[in-house]
Amino acid sequence: MTPVAESIRLQKYLSMAGRASRRDAERLLLDGRILVNGARVTELGTRVVPGRDVVRVDGALIEVAHVQWFAFHKPPGVLTTRSDPHGGATVYDILPPEVAELKYVGRLDRATEGLLLFSNDGDAIHGLLHPSSEVEREYRATVVGVPSRETLARLRRGVQLEDGPAHAKRTDLVGQDGRDGVVTLVMTEGRTREVRRLLEAVGHPVRSLMRIRFGPIHLGPLLRGEVRALTGDEIARLGAAAGRRERKRPG
């Protein structure tokens with residue numbers, strides 16, 4: 001991948017490289033511990049071009065790795081974690097080597113399958129997961145019984161859960177499987193088992209659950225356990241979604 005040609009703030013550069021958070025990077029700047037192309041810099045507005053400018057912190061060369069993004073169809077029955085102290089299977093046990101060093105973007109519980117993103121762009125991951133970004137997650141659930149239109153409306157209005165109120169941004173009944181209903185829900189939070197708890201609270205426990213979209217990225221035809229690299233356009237759209245948090249800041 002060709003290095004990014006446009007300039008970015010030095011704080012963001014250090015965050016992307018995994019060297020420091022943006023706040024810590026500001027302290028490094030103010031303390032005079034950063035050199036750019038051999039010159040000491042202390043201005044918070046300093047900008048650099050990844051792949052062109054040479055950045056050092058306390059003498060150590062800091063480089064930004066090529067940004068990587070992958071979509072993975074997580075199968076049911078595996079944990080979204082680096083390792084399980086109880087010996088359970090994790091996504092990293094089945095990921096190919098080129099993805100196994102990357103970080104997952106949000107979690108799916110053991111029983112849930114579907115779209116899981118992986119990347120080395122820590123700054124974008126943070127932006128996507130920040131609650132104020134309100135990045136959509138879409139799920140398809142097979143539930144006990146067929147929810148009524150009123151029940152679907154109740155899910156949109158909100159239901160009180162043990163950790164506070166929760167609601168779906170959109171809900172649709174998309175089919176039936178015998179006596180079970182098949183519904184889609186669009187959520188904007190990533191609370192633990194939120195979709196399952198929400199549906200159980202309205203009397204329709206989940207039989208199976210799949211995430212079919214995260215932000216602008218769709219699961220599409222990926223089979224269980226399959227991985228694909230995201231396109232440049234998809235990466236750009238994820239970056240735009242991650243940037244919503246900063247655009248909402250006052251001033």
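So, to start: which charged end sits over the ring of Y104? That's K103, 5.2 Å from the ring centre. When I say a charge sits over a ring, I mean NZ of Lys or CZ of Arg within 6 Å of the ring centre and within 35 degrees of the ring normal.

Quick housekeeping. This is a predicted model, so local features need pLDDT of at least 70 and side-chain atom pairs count only at pLDDT 80 or more, while totals for chains, interfaces and linings use all residues. Residues are numbered from 1 along each chain as its sequence is written, and side-chain values use heavy atoms, with hydrogens and water left out.

Okay, the aromatics. Searching the whole structure turns up three aromatic pairs. Rings of Phe, Tyr and Trp (its six-membered ring) pair if their centres lie within 6.5 Å; planes under 30 degrees apart are stacked, over 60 edge-to-face, and the rest tilted. One of the pairs is F72 with F118, edge-to-face, with 6.0 Å centre to centre and 70° between the planes. That pair links distant parts of the chain: F72 is in strand β7, F118 is in strand β9, and they're 46 residues apart. By strands and helices I mean DSSP runs, numbered from the N terminus: E for strands, at least two residues, and H or I for helices, at least four.

F72 counts as buried because its relative accessibility is 0%, and F118 is buried at 0% too. Buried here is under 20% relative accessible area, exposed is over 50%, and partly exposed is in between, using a 1.4 Å probe and protein chains only.

F118 also pairs with Y92: the centres are 5.9 Å apart and the planes at 85°, so that's edge-to-face. Y92 lies in the loop between β7 and α3, so this pair ties together parts 26 residues apart in sequence. Y92 is buried as well, at 11%, and the charged end of R82 sits over its ring, 3.7 Å from the centre. Put together, ring pairs link F72, Y92, Y104 and F118 into a cluster.

Next, a sheet. Four strands make an open sheet in the order β3-β2-β5-β6, with antiparallel pairing. β3 and β6 are at the edges with a single partner strand each, so one side of each has no neighbour in the sheet. Strands pair if DSSP finds at least two bridges between them; β5 and β6 have three, and V55 has I62 as its bridge partner in β6. In the loop between β2 and β3 there's N37, a residue other than glycine with a positive phi, near 55°.

On to helix α5, residues 149-157, where T151, L152, A153 and L155 are buried. The buried residues of α5 pack against β13, β14 and α6, where contact means heavy atoms within 4.5 Å. After α5 comes G158, with a positive phi near 125°. R193, in the loop between β14 and α6, has a positive phi too, near 50°.

Leaving out residues up to four places away in sequence, E234 touches I217 and R228.
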